[in-house]
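Here's a quick briefing to read alongside the model. Have the sequence and the 3D view open as you go.

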Amino acid sequence: MIVATIVILLGLLIGGAIWYCQDQHIIIPVNLTQEEQKDYEQKVQDYEKKIQTETDPEDSLKRPYMDHFLEKARYETYLGRLSEAEKTLRKGLSHYETSSAAHHNLAKIYEKMGKNQKAIKEYLILANEYRMQQYLLDAARAAIVDNDYKNAFRNYWDYQKVFKTPDITIEDWLRKNKKS
C-alpha cells in the first residue's frame, strides 16, 4: 500500500508519467486513449514514409524535409518513446546540421530521460551557435537538477551578463550550494 502510494505520488510529480529504462530504451508510459494511441502510431508511420519518399525539390542534395523528422519525433514523444524520438532527431540532424528546433527538442527529451548533461550540451549549442542566449537559463536549470554547481553557476552567470534579469530560485540554489 505504501509503495503504491509513493508510485502514484511520483507519477503525479512528473506529470503523470513514471520513468522506465528497458534495454537502453527510455520509455515513459503515457495516458492515451486507444484512439489517440492508434492515431499517433499512424502519424509516426506516415512521417517515416514521408522521410523515405519525399524530398525538398529546391534542395540540391534532395534531402527529406526536416519538418518530417521533427513531426515524427513529436509523435514518438507523445507515445513515450523517448529513445526513438532522440534517434529520429539525430537522423534529421545528420541531414540538416543546422536546426535549432531539433536541438531544442533534443534538450527537452534529454531532460525527460534524466540525461541532464546531454541536455546542457544541446542548450549550449542553442545559446552559442544560434545566439539564443536565453537557453543559458535552461542549461543552468538542467545543471541544478544534476546538482552540478559549476555548470549551473557558469551558465547562469553567462545568462546574467546578457539579460541582467535575476532568477531568485537559481540564485537561492547557488547560494545554498556554494562550495567554499
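Let's start with Tyr-135, which sits in helix H7; helices here are DSSP runs of H or I with at least four residues, strands are E runs of at least two, and both are numbered from the N terminus. Tyr-135 is buried, at a relative accessible area of 14% (buried is under 20%, exposed is over 50%, and partly exposed is in between, using a 1.4 Å probe and protein chains only). This is a predicted model, where local features need pLDDT of at least 70 and side-chain atom pairs count only at pLDDT 80 or more, while totals for chains, interfaces and linings use all residues. Residues are numbered from 1 along each chain as its sequence is written, and side-chain values use heavy atoms, with hydrogens and water left out.

**Around Tyr-135**

- Leaving aside residues up to four places away in sequence, Tyr-135 touches His-104, Tyr-123 and Leu-126 (contact means heavy atoms within 4.5 Å).
- Tyr-135 and Tyr-159 are 24 residues apart along the chain, and their C-alpha atoms are separated by 8.1 Å.

**H7 against H8**

- The axes of H7 and H8 come within 8 Å and cross at roughly 160 degrees; axes are lines fitted to C-alpha atoms, for helices over the stretch in contact, and angles run from 0 to 180 degrees between N-to-C directions.
- H7 and H8 are therefore roughly antiparallel to each other (under 35 degrees is roughly parallel, over 145 roughly antiparallel, 65 to 115 roughly perpendicular, and the rest oblique).
- H7 and H8 make a left-handed crossing, meaning the near helix is turned anticlockwise from the far one by less than a right angle; clockwise would be right-handed.
- On the H7 side you'll find Leu-136, Leu-137, Ala-139, Ala-140, Ala-143 and Ile-144, and these meet Asn-151, Ala-152, Asn-155, Tyr-156, Asp-158 and Tyr-159 in H8.
- Sorted by class, the H7 contact with H8 has 9 nonpolar, 2 polar and 1 charged residues (Ala, Val, Leu, Ile, Met, Phe, Trp, Tyr, Cys and Pro count as nonpolar, Asp, Glu, Lys and Arg as charged, and the others, Gly among them, as polar).

**H8 against H9**

- H8 (residues 149-163) and H9 (residues 168-177) pack at an angle of about 140 degrees, and their axes are 11 Å apart.
- That angle makes H8 oblique to H9.
- H8 passes H9 in a left-handed crossing.
- From H8, Tyr-149, Ala-152, Phe-153, Tyr-156 and Gln-160 meet Ile-170, Glu-171, Trp-173, Leu-174 and Asn-177 in H9.
- The residues of this contact split into 7 nonpolar, 2 polar and 1 charged.

**Salt bridges**

- Side chains of opposite charge can pair when their charged atoms come close.
- The whole structure has 11 salt bridges, each one a side-chain nitrogen of Lys or Arg within 4 Å of a carboxyl oxygen of Asp or Glu.
- One of them joins the side chains of Glu-41 and Arg-81, at 2.2 Å from N to O.
- Glu-41 lies in helix H2 (residues 34-53) and Arg-81 in the loop between H3 (66-78) and H4 (82-95), so this pair ties together parts that are 40 residues apart in sequence.
- Glu-41 is partly exposed at 23% relative accessibility, and Arg-81 is partly exposed at 21%.
- Glu-122 bridges to Arg-90, with the closest N and O atoms 2.5 Å apart.
- Since Glu-122 lies in helix H6 (residues 116-129) and Arg-90 in helix H4, the pair ties together parts that are 32 residues apart in sequence.
- Glu-122 is buried at 4% relative accessibility, whereas Arg-90 is partly exposed at 34%.
- Arg-175 pairs with Asp-172, the closest N and O atoms being 2.7 Å apart.
- Both Arg-175 and Asp-172 are in H9, 3 residues apart, which is about one turn of the helix.
- Arg-175 counts as exposed at 57% relative accessibility, and Asp-172 as partly exposed at 29%.
- Salt bridges with shared partners also link Glu-48, Lys-72 and Glu-76 into one network.

**Positive phi in the loops**

- Most residues other than glycine have a negative phi.
- Lys-62 has a positive phi, near 55 degrees, and is found in the loop between H2 and H3.
- Lys-62 is partly exposed, at 45% relative accessible area.
- Asn-147 also has a positive phi, near 60 degrees, and its place is in the loop between H7 (135-145) and H8.
- Asn-147 counts as exposed, at 52% relative accessibility.
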